[in-house]
Amino acid sequence: MTISLIVINVLIFLIETAAGGSESTEVALKFGAQYAPYVIGDGEWYRTFTSMFVHFGIEHIFGNMIALVMVGQYIEVYFGRLKFLAIYFLAGFTGNILSLMVDMQTNAYAVSAGASGAISGLFGSLIILALDKNTKHMFPLPRILIGIVLLLVPAAKNVNVMAHLGGMLGGFATAYTFYYYKMRKDSADE
């Protein structure tokens, strides 16, 4: 699934580029980028999903896809394909919802796009691997927490920190839910 997500993102990026340029706000909006007046005002809620596949420029997609391949494979192996996808998309959704809420509160309506909210959720999920007795030796909690802090520090002025924060919290909550029920099932089976 990690590789499939990368392929889909890259294909959409190439189509964006051919359609007028991946750095064009107009093209990004045409491809489903999130923009609060369109989502809230026009009821285009699908943008909370489609925006996860739209990227602004080669650096944006390259950075996100590197992060996805680095973290995604671990989360996918640990949780399985379907739970991995659930974590990814719920994290992206919660990141986009938090971003929308902040935009509505501040009246600062930015066009937002990218997979980083979903990817931040995968980083949040790494906390579970750091807590699980079977995997914690490979995923030291201090290292995971440092990585999460770095996600929340904007490296550029156009980084949507709220999408990262919301995604990280949504990813952790979803992963913890899966982990909790797995632990309950395992203890009931003993």
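How do the residues of the lining of the largest pocket divide into nonpolar, polar and charged? They divide into 30 nonpolar, 15 polar and five charged. Here Ala, Val, Leu, Ile, Met, Phe, Trp, Tyr, Cys and Pro count as nonpolar, Asp, Glu, Lys and Arg as charged, and the others, Gly among them, as polar.

The legends below describe a predicted model, in which local features need pLDDT of at least 70, side-chain atom pairs count only at pLDDT 80 or more, and totals for chains, interfaces and linings use all residues. Residues are numbered from 1 along each chain as its sequence is written, and side-chain values use heavy atoms, with hydrogens and water left out.

**View 1. The largest pocket and its lining.** About 1,300 Å³ of space lies in this pocket. The volume is the space filled by probe spheres set on grid points, which are joined across faces, edges and corners. On a 1 Å grid over the protein atoms alone, a pocket is an open set of points where a 1.4 Å probe fits, with protein on both sides within 12 Å along at least five of seven lines; lining residues have an atom within 4 Å of a point. The lining of the largest pocket has 50 residues, and N64, S116, L151, V159 and H164 lie nearest the centre of the pocket. At least two lining residues come from each of α5 (57–79), α6, α7 (116–131), α8 (141–152) and α9 (161–189). Helix α5 gives the most, with nine residues. Helices are DSSP runs (H or I, at least four residues), numbered from the N terminus.

**View 2. S99 in helix α6.** Helix α6 spans residues 81–106. S99 has 3% relative accessibility and therefore counts as buried; buried means under 20% relative accessible area, exposed over 50%, and partly exposed in between (1.4 Å probe, protein chains only). Leaving out residues up to four places away in sequence, S99 touches Q34, S112, N160, M162 and A163. A contact means heavy atoms within 4.5 Å.

**View 3. S120 in helix α7.** S120 is buried, with a relative accessible area of 1%. Its contacts, apart from neighbours within four places in sequence, are L151, H164, G167 and M168.

**View 4. The salt bridge between R47 and E44.** Side chains of opposite charge can pair when their charged atoms come close. A salt bridge is a side-chain nitrogen of Lys or Arg within 4 Å of a carboxyl oxygen of Asp or Glu. The structure holds one salt bridge. In the pair of R47 and E44, the closest N and O atoms are 2.6 Å apart. R47 is buried, its relative accessible area being 5%.

**View 5. Aromatic pairs.** A pair of aromatic rings is described by the distance of the centres and the angle of the planes. Rings of Phe, Tyr and Trp (its six-membered ring) pair if their centres lie within 6.5 Å; planes under 30 degrees apart count as stacked, over 60 as edge-to-face and the rest as tilted. By this rule there are twelve aromatic pairs. Y78 and F79 form an edge-to-face pair, because their ring centres are 4.7 Å apart and their planes stand at 75°. Y78 is partly exposed at 22% relative accessible area, whereas F79 is buried at 11%. F84 and Y88 form a tilted pair, with 6.3 Å centre to centre and 35° between the planes. These two residues are four residues apart in helix α6, so about one helical turn separates them. Both F84 and Y88 are buried.

**View 6. F89 and its aromatic cluster.** One aromatic cluster is formed by F49, F53, F84, Y88 and F89. F89 lies in helix α6 and counts as partly exposed at 23% relative accessibility. Not counting residues up to four places away in sequence, F89 touches L5, F49, M52 and F53. M52 is 37 residues from F89 along the chain, and their C-alpha atoms are separated by 8.5 Å.

**View 7. Loop residues Y35 and N107.** Y35 sits in the loop between α2 (25–30) and α3 (36–41) and is partly exposed at 22% relative accessibility. Y35 touches L29, Y109, A110 and V111, leaving out residues up to four places away in sequence. Y35 and D103 are 68 residues apart in sequence and 9.0 Å apart in space, C-alpha to C-alpha. N107 is in the loop between α6 and α7. N107 is exposed, at 54% relative accessibility. Although N107 is not a glycine, its phi is positive, at about 55°.
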